Amino acid sequence: MRSMRTYTCKLKRETTKGGLVMTQKVLKLAGLCFLFVFLGALTFSALAREITIHYLTVQQENEGWPKIIKALTEEYAAQNPNIKWKYEYVPQLDLMQRVQLLAAADSLPLLFNYESGAPLFELIKANKVLELESTFKNLGIYEELNPGIVGVLKRLVNDTGLYALPLEMNIEGFWYNKKLFANHGLSEPQTWDELAEIAEKLHQAGIQPFAVSGIQKWPITRLINGYVIRKYGTDVMSRVIKGELKVNDAGFVEAARWIYEWGHKDYFGPGVNTLDYGPAQDLFLQGKAAIYYMGSWALRDFNNPEINKIGIENIGFFNVPLVPGGVGTLEEWNVNAGLTTSIAHAKFAENPEAIGNWMKYVFSHYGDRAMKELGLITGFRVKEMPEEVPVLTKMVLEKLATVKGGAFWFEALFDARTTSVAWDNAQLLAIGTMTPEEYLGELQKAIDEQKAK
Amino acid sequence: MGGACLSLLESGDHAMERILRDWKYVFFFVAPALILYSALLLVPIFWSMGYSLFDGFPISGFRFMGFGNYLRAWKDQDFLRSFWFSAKYALVVTPGQIGLGFLLSLLYFLVLKRASRLSVLIRTLVFFPVVLPTVAVAQMFVKLFEITPQYGLVNAILDVLGLDGWIRPFLGRGDTAFWVAASMNIWTAMGFYAVLLYSGLLDIPQELIESARLDGASGWNLVRLIITPLLRPLFITSTIFSLNGTLKVFDQILALTGGGPGKSTTPLTLYMYRTAFHYNQYGYGSTIAVILTIECLLVTGILSFFRQKTE
C-alpha cells in the first residue's frame, strides 16, 4: 500500500516536472519562432528599402559617365546605406536588341544607354521612359541642365519632352593642323568653296587633305550633313522627315557631289573604306592629314600627348563654312549629347521619393565632377571651373557659349534601316562607284518606306 | 561449347530484336536524344517559320502578315543582291576548296610518301588554317591587303616589283573584296577537303592502281580514268559540306569586310542578321532565314539524289 502511495507521489512529481519541462520547451520554441519572424521581418524591410542604381551602359565602369555616376552614388550611399550601385556592361553592337528585349519584358534597369531619336521615340510611345523635364523641375534641379542641349534632345523625339540625360555634350566641326596650314599660306575658310580650294592646294602639295574613317561610315555622311545644314538651315532633316523637303533636291545633290568629287580626287586618301576610327584619327594626329571632321569627344585623345604627336598648340577648329545660296550661319553648330542615358519609368515609379533624392544629389554635382575629373563637357552646369582646363577644352567651351542654333547629325531622325542605307551607300559615294543621284535616290526611297510604316 | 555459345548469341540476337520491336524500349533509348534535338534545333526552326508570318518587334508588338514577308523578299533589292552574292560566292569557293583539296590529296598520295616526316609536316601545315580562329584569319588577311596607313604584304610586294598600277585598296572596293574573301575561305578550308579526299584515296586498293599502271595509265589518265570515278561519292559528300558552308558563310565576311563597302560583300546570312537584330524586323529576318534553309535543303537534296544515282 505504501509502495503504491510512494509510486503515485513519484508519478505526480514526475508529471509536474515533465509538464514544466514541456512548458519550457514550448516557450523556447515560441521564442525562437518569434525571433525568426522578427529577424525575417527586419531583413525583408531592409530589402524592401534597398534601392539599386543599376546602370546598363556601353562604357567601362572606370571611364566616362559610369565612373562619375558611380563615384557620386557611392558618396550619396555613405549617408544613405539603402542605395546600392550595380554596373552592367553591354557592347554597343548589342545595345539596341538588349534594351528592346528588357523593355518588352518590363525589366529595364533604372539607368540605361539608348540612342536618342527614332529608337528612343519607340520606347517613349510605349511609356517605358521617364520624362525628365518635369522630374527635374519637381526636384528643383532643372537649372542644372544646359537649355541648348535640352532643346536638341527634345526635338530629337518630336518635342514630346526630355527623355535623355545629356551626360556629355559635343560640338562638331573641322579640326585642322595649324602648322600645315601656315606652311602653305592657308587660313580658316569662311565658305565651302574656300574649303575646296584649301583641299586642292594641300593635295597638290602631296598632303592628304581629309582624314576620314570610311569603316565607321558616319564620318562621310557628316560632311554631307554639314553642307545641307548651311544650305537649308539647322532644321533640314526635320523637314525631310516631315516630307517638306526631299533628299534628292538640288542642295542635297550639290552636297553629295562634293563628296563624290573629293573621293575621285583622292582627298580622303587611297583606302578610305578600309580606315577605322583610330587609324583615321592617327593620320590627323600624326600630321599625315590636314583636316579632320569630328566631335569634341575627340578632345580626350587630342589632350593625350601619347596619341597627339602634332601638339595641342597645332590644332585649330572651324565651323562648317557657308555655302552659296544657303540660309545657315556660322553661329549654328552641329551639337549633340553623344549616346544618351535614359531612366526607366517603371523602376523610378517603384520608389520615386528615394530615387528622386538620389537624382537630386548626383545630377547637382555631375557637371562639376565630370569637368574636374575627366575634362568632360556635359549638358550640366559647371559651377566651379577647375583652374587648369586644357586649352582646347577651353576653346570648345567658348565656342559652345556662342552657339545660336543646334543641328542634328544626318541620321538622327532615321530608323535603323534608313540609317544603314545612308551609311552603306556613303562608302560607295566616297569611292565614286555610286553617283550622287543614285545615292540620294536610294536614300529618299528608304525615307519614304520609313514614313509609310 | 561452341554450339552453346552460338545458341546464346542467337538467343541474344532474338532478345535484342524483340526489344527493338517494342516501341516502349525504342522510345526509352531514343527519347533523350530526340528531346534534346527537338529543343535545340526543331523548335527554333518552327519558331522562325512562325515569326516569318508576322511583322513588328517586341516593344511595338507583332502583326500577322501572312506571306507578305515572302512577297516582299522578291522585291527587295538588298535581298536579291545578297542572294546573288551568296550564290556567286558558293560557286567560286566550293570548286576552289574541293579542287585545291583534291590536288593536295593527290600530292599526299602520289608524290609524298605516306609515313614520311615531310608528308606529315606538309599535311599539318595545310590543315593548320582549319583550326585557326576565324577572326584571327580575317585580321591576318586585312593586314595582308592593307593600303593605309601603310602597305600590307601584297601591296608592298607590288610596290617592290614596280607594279604601281596594281596597288589598290583591295578590301575597300567591292569587286576586289569579293576575291579576297573567296581566297581566304578557300585557303582556310582546302586542308580539310585534302584530308577528306586523301582518306578516300587510301581506301583505293593499291593493286588497282598498280594494274592500271601496268595497263599504261599514268599521270593525268590515272587520275581521270581511275581515281576520280572511284572518289565520286566522296566528291559529292564534299560538295554538300562545302556548299552548305559557303551558302551560310557569316563570321569570315563579318570579320573581313563587315559586308562592305556598301553592301557589296553582304551574304544572305549577314543580311538576315542585320534585318532581324539591327533593323528590328524580326519577322522579315526570319523570312530570310527560312528562305536560306530551303535553299540549303534544295542544294543538299539535289546532290544527295546524284549520290544515290552514282551508288
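Tutor: First, the term: a salt bridge is a side-chain nitrogen of Lys or Arg within 4 Å of a carboxyl oxygen of Asp or Glu. This is a predicted model, where local features need pLDDT of at least 70 and side-chain atom pairs count only at pLDDT 80 or more, while totals for chains, interfaces and linings use all residues. Residues are numbered from 1 along each chain as its sequence is written, chains are lettered from A and ligands numbered from 1 in the order in which they are written, and side-chain values use heavy atoms, with hydrogens and water left out.

Student: OK. How many salt bridges over all chains?

Tutor: The structure holds 22.

Student: Give me one. What does Glu144(A) form a salt bridge with?

Tutor: Its partner is Arg381(A), and the closest N and O atoms are 3.6 Å apart. Glu144(A) lies in the loop between α5 (132–139) and α6 of chain A, and Arg381(A) in the loop between α15 (352–374) and α16 (391–401) of chain A, so this pair ties together parts 237 residues apart in sequence. Helices (H or I, at least four residues) and strands (E, at least two) are DSSP runs, numbered from the N terminus.

Student: Is Glu144(A) buried or exposed?

Tutor: Glu144(A) is buried, at 9% relative accessible area. Buried means under 20%, exposed over 50%, and partly exposed in between (1.4 Å probe, protein chains only). Arg381(A), at 40%, is partly exposed.

Student: And which residue pairs with Glu244(A)?

Tutor: Arg239(A), with the closest N and O atoms 4.0 Å apart. Glu244(A) is exposed, with a relative accessible area of 53%. Arg239(A) is partly exposed at 23%.

Student: Switching to the interface. How many residues does the contact take from chain A and chain B?

Tutor: Chain A gives 26 residues and chain B gives 29. Contact means heavy atoms within 4.5 Å.

Student: And how much do chain A and chain B bury between them?

Tutor: About 2400 Å², with 56% of it on carbon and sulfur atoms. In chain A, Gln97(A), Gln100(A) and Arg417(A) lose the most area to chain B, together 26% of what that side buries. Buried area is the accessible area (1.4 Å probe) that two parts lose on being put together, summed over both.

Student: Why quote an area at all?

Tutor: The size of an interface is often given as the accessible area lost when the parts come together.

Student: How many salt bridges does the rule find across the interface of chain A and chain B?

Tutor: One. Asp424(A) pairs with Lys263(B), and the closest N and O atoms are 3.1 Å apart.

Student: Asp424(A): buried or exposed?

Tutor: Asp424(A) counts as buried, at 4% relative accessibility. Lys263(B) counts as buried too, at 11%.

Student: Which residues are linked with Asp424(A) in a network of salt bridges?

Tutor: Lys217(A), Asp78(B), Arg81(B) and Lys263(B) are in that network with Asp424(A).

Student: Tell me about Lys217(A).

Tutor: Lys217(A) has a positive phi of about 70°, although it is not a glycine. Lys217(A) sits in the loop between β5 (208–210) and α9 (218–232) of chain A. At 14% relative accessible area, Lys217(A) is buried.

Student: What about the phi of Asn158(A)?

Tutor: Also positive, about 55°, and Asn158(A) is not a glycine. Its place is the loop between α6 (147–156) and β4 (170–177) of chain A.

Student: Back to the interface. How many residue pairs are in polar contact between chain A and chain B?

Tutor: The rule finds seven across the interface, both residues at pLDDT 80 or more. On the side of chain A that touches chain B, the elements giving two or more residues are α3 (92–104), α4 (118–125), α17 (416–430) and α18 (436–452) of chain A. The largest share of that side, seven residues, comes from α17(A). The residues of that side divide into twelve nonpolar, eight polar and six charged.

Student: Chain B now. What kind of peptide bond joins Thr148(B) and Pro149(B)?

Tutor: A cis one, with omega about 5°. Pro149(B) lies in the loop between α6 (134–144) and α7 (153–160) of chain B. The bond from Gly260(B) to Pro261(B) is cis as well, with omega near 0°. Pro261(B) is in the loop between α12 (251–256) and α13 (268–277) of chain B.

Definitions and conventions: Polar contact = N/O pair within 3.5 Å; in protein donor to acceptor, adjacent residues only side chain to side chain. Nonpolar A, V, L, I, M, F, W, Y, C, P; charged D, E, K, R; others polar.
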